[in-house]
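Open the model in your viewer and keep the selection panel at hand. We will go from one selection to the next.

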Amino acid sequence: MYIKQLSVFVENKSGRLAEITSTIAKAGIDIRALSIADTTDFGILRLVVDKPFEAEKALKEAGLTVSLTDVIAVGIPDRPGGFAETMCKIADKDVGVEYMYAFISRDHDRAYLIMRVADNEKAIAALVAHGCEILSGDSVYKL
Amino acid sequence: MENRIFNRDMECMPRKELEALQLERLKSLVDYCEKNSKFYAERLKKAGVTADKIKCLSDIEYIPYTTKDDLRDTYPFGMLSVPKEKIVRVHASSGTTGNPTVVAYTREDLENWSEQVARLAMAAGAHEGTTVQICFGYGMFTGALGLHYGLEKIGAVVVPTSSGNTEKQLKFMRDFQTDAIVATPSYCMYLAEAARSMQDKYPMSSYNLKYGILGSEGSTPEMRTEIENHWGNGFFCTDNYGMSELNGPGMSGECMYRDGLHINEDHFYCEVIDSVSGRTLDKGSTGELVVTNLTKRGLPMIRYRTKDITNINYDACKCGRTTARMHKIIGRSDDMIKVRGVNVFPSQVESALIGINGISPNYLIVLRREGYSDSMEVRVELVDGSLLDRYGELVALQKRIHDNIKNILGIEIKVNLVEPNSIERFTGKAKRVLDLRNEK
Ligand SMILES: [Zn+2]
């Protein structure tokens with residue numbers, strides 16, 4: 001039910017992002033989705049990749065600070081209002097969303113949401129109850 | 001803890017009388033040096049100072065300072081003011097560069113030293129019958145033997161375990177029901193951790209440890225709290241201060257109120273100076289501590305520059321002692337940097353980082369000039385990726401470090417979190433400051 005997401009610490013230094021992404025590329029790893037949160041001082045790069053454990057190892061070996069977290073991937077219809085509908089379904093269930101980001105799939109009518117919530121089980125229960133599609137790790141990695 | 005005072009006459013003397021006694025002792029020291037110390041006789045003559053010219057304590061300012069280099073240059077016995085046969089003990093501090101510094105004591109010097117240590121040991125909780133384990137290394141270092149004789153003087157049960165062999169230390173501690181230990185703060189902490197790791201076999205309640213008499217290296221209040229919590233059961237630590245050039249431990253120590261270290265002022269006259277200009281500062285100012293040992297005769301020490309930064313409070317203390325109290329050492333004059341006109345010591349940054357989880361104790365201060373003003377950046381290493389899940393936690397961590405440092409230094413700074421192990425490691429003395437202010 002969960003997928004593995006990498007969080008990488010990004011120091012406030014020029015070229016840091018290039019260094020991180022090329023480390024991943026050299027290890028033959030494909031990025032499925034990414035998002036970056038930053039201030040002027042530092043950032044955290046969030047990545048969903050096809051081989052999360054290998055990516056973690058490669059990044060660690062390159063001296064980077066990495067952690068793996070369980071997040072939820074939700075399939076939503078790629079049309080106006082699709083995102084809003086999904087959000088409404090979990091809004092009244094008191095599911096604390098820490099952060100989320102979206103990406104579009106190769107299927108032209110599907111979009112995916114990566115969500116990091118306070119309580120994974122509660123969030124999944126709410127989403128499933130409303131007929132949302134929860135993606136397994138393998139299906140996301142292979143997208 | 002009961003408030004015990006070893007020498008009420010000297011430690012609680014009205015300040016006027018104490019100052020009169022200091023003046024009398026200063027004059028007799030100068031007189032003694034003129035007659036017996038080749039080294040000081042020359043200096044005094046050059047400065048035009050004689051004992052009868054000294055009318056008040058501040059007249060000491062006419063006498064030049066003594067430095068560690070003077071001791072090195074006269075290695076080993078050039079500063080003795082008695083024939084070597086009159087010396088009953090010699091100690092030396094390890095010289096990392098050049099000659100070690102040698103210090104020597106007459107029988108009378110040793111008696112005075114024991115008296116000084118006895119006072120601070122009692123202020124720290126020891127008294128007749130207290131079992132005290134001395135976990136300082138014995139040898140040329142003054143710490144262990146200094147405490148040893150001072151504690152014997154008050155009638156404590158002295159256990160000279162020396163340093164090292166942790167399991168033995170803990171065994172004796174349990175079997176002898178040791179009440180107090182003499183150690184460096186870091187060794188005291190190490191022993192507590194070792195004791196905790198053996199709790200299955202020997203619960204913490206099998207120890208009777210009540211007091212930590214800590215010295216030889218400084219400790220911050222945060223470190224002290226950590227040590228006390230580790231031992232638990234009401235364990236109480238105090239700090240003491242001294243250096244081999246001034247006998248050894250015994251110059252000053254904390255009482256149960258721990259609001260500064262009481263100076264044995266009948267033996268030590270202290271001044272605080274601006275370490276750059278060498279000017280004596282007003283009472284209460286922060287600067288380099290300069291100490292005159294008023295009673296030492298084997299190897300006298302007049303206006304010794306300690307290079308330690310502190311300030312002195314002359315108000316009476318709740319414990320009843322009238323002796324002045326020096327602040328815990330704030331830093332070393334060698335390490336001082338000036339940022340926007342404010343004196344900053346790397347040790348202050350260090351103390352601000354203690355107790356914060358998620359970061360390593362390694363840090364780097366980077367100074368830059370931006371326009372006409374200095375900027376100070378502090379780089380702090382994360383220990384691992386554990387905080388990466390929640391961005392807010394990283395921001396909160398950065399803010400906490402920023403606020404802690406700003407509170408201590410009183411100037412605006414910038415904190416940058418950096419990768420683990422990305423700040424250069426040093427095997428010897430760490431280089432903590434990168435000053436880019438004069439670079440284009
Ligand atoms: Zn006191």
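Select Lys4(A) and Asp70(A). These two form a salt bridge, with the closest N and O atoms 2.8 Å apart. The term salt bridge here covers a side-chain nitrogen of Lys or Arg within 4 Å of a carboxyl oxygen of Asp or Glu. Before going on, note that this is a predicted model: local features need pLDDT of at least 70, side-chain atom pairs count only at pLDDT 80 or more, and totals for chains, interfaces and linings use all residues. Residues are numbered from 1 along each chain as its sequence is written, chains are lettered from A and ligands numbered from 1 in the order in which they are written, and side-chain values use heavy atoms, with hydrogens and water left out.

**Stop 1: the two domains of chain A**

Colour residues 3-68 of chain A as domain 1 and residues 70-141 as domain 2. These bounds come from an automatic or database domain assignment. The C-alpha centres of the two domains of chain A lie 22 Å apart. Domain 1 of chain A brings 15 residues to the contact, and domain 2 of chain A brings 12. Contact means heavy atoms within 4.5 Å.

How much area is buried between domain 1 and domain 2 of chain A? The figure is about 1,200 Å², and carbon and sulfur atoms give 56% of it. Buried area is the accessible area (1.4 Å probe) that two parts lose on being put together, summed over both. Now show Ile3(A), Gln5(A) and Arg32(A). They supply 51% of the area that domain 1 of chain A buries against domain 2 of chain A, more than any other three residues.

Across this interface of domain 1 and domain 2 of chain A the rule finds 1 salt bridge. There are also 6 residue pairs in polar contact between these domains of chain A, both residues at pLDDT 80 or more. A polar contact is a pair of N or O atoms within 3.5 Å; within protein, one must be able to donate a hydrogen and the other to accept it, and residues adjacent in sequence count only if both atoms are side-chain atoms.

Highlight strand 1 (2-11), strand 2 (31-38) and strand 3 (42-49) of chain A. Each supplies at least two residues of the side of domain 1 that touches domain 2. Helices (H or I, at least four residues) and strands (E, at least two) are DSSP runs, numbered from the N terminus.

**Stop 2: where chain B meets chain A**

Show both chains. Chain B gives 18 residues to the contact and chain A gives 22. Together they bury about 1,600 Å², with 51% on carbon and sulfur atoms. Pick out Leu388(B), Tyr391(B) and Glu419(B): in chain B they lose the most area to chain A, together 43% of what that side buries.

How many salt bridges cross the interface of chain B and chain A? The rule finds 3. For one pair to zoom in on, take Arg16(A) and Glu419(B), whose side chains meet in a salt bridge (3.3 Å, N to O). Polar contacts between chain B and chain A come to 9 residue pairs, both at pLDDT 80 or more.

Next select helix 11 (391-409) and strand 20 (414-418) of chain B. Each supplies at least two residues of the side that touches chain A. Strand 20 of chain B gives the most, with 5 residues.

**Stop 3: the two domains of chain B**

Colour 105-332 of chain B as domain 1 and 337-435 as domain 2. Their C-alpha centres lie 30 Å apart. Here 8 residues of domain 1 of chain B are in contact with 5 residues of domain 2. The domains of chain B bury about 530 Å² between them, 69% of it on carbon and sulfur atoms. Show Thr220(B), Glu222(B) and Ile330(B), which supply 56% of the area that domain 1 of chain B buries against domain 2, more than any other three residues.

**Stop 4**

Finish on the 9 strands of chain B that form an open, mixed sheet in the order 4-3-5-6-7-8-9-14-13. Two strands pair if DSSP finds at least two bridges between them. Strand 7 (236-243) and strand 8 (248-254) of chain B are antiparallel, over 4 bridges. Select Asn240(B): its bridge partner in strand 8 is Gly253(B).
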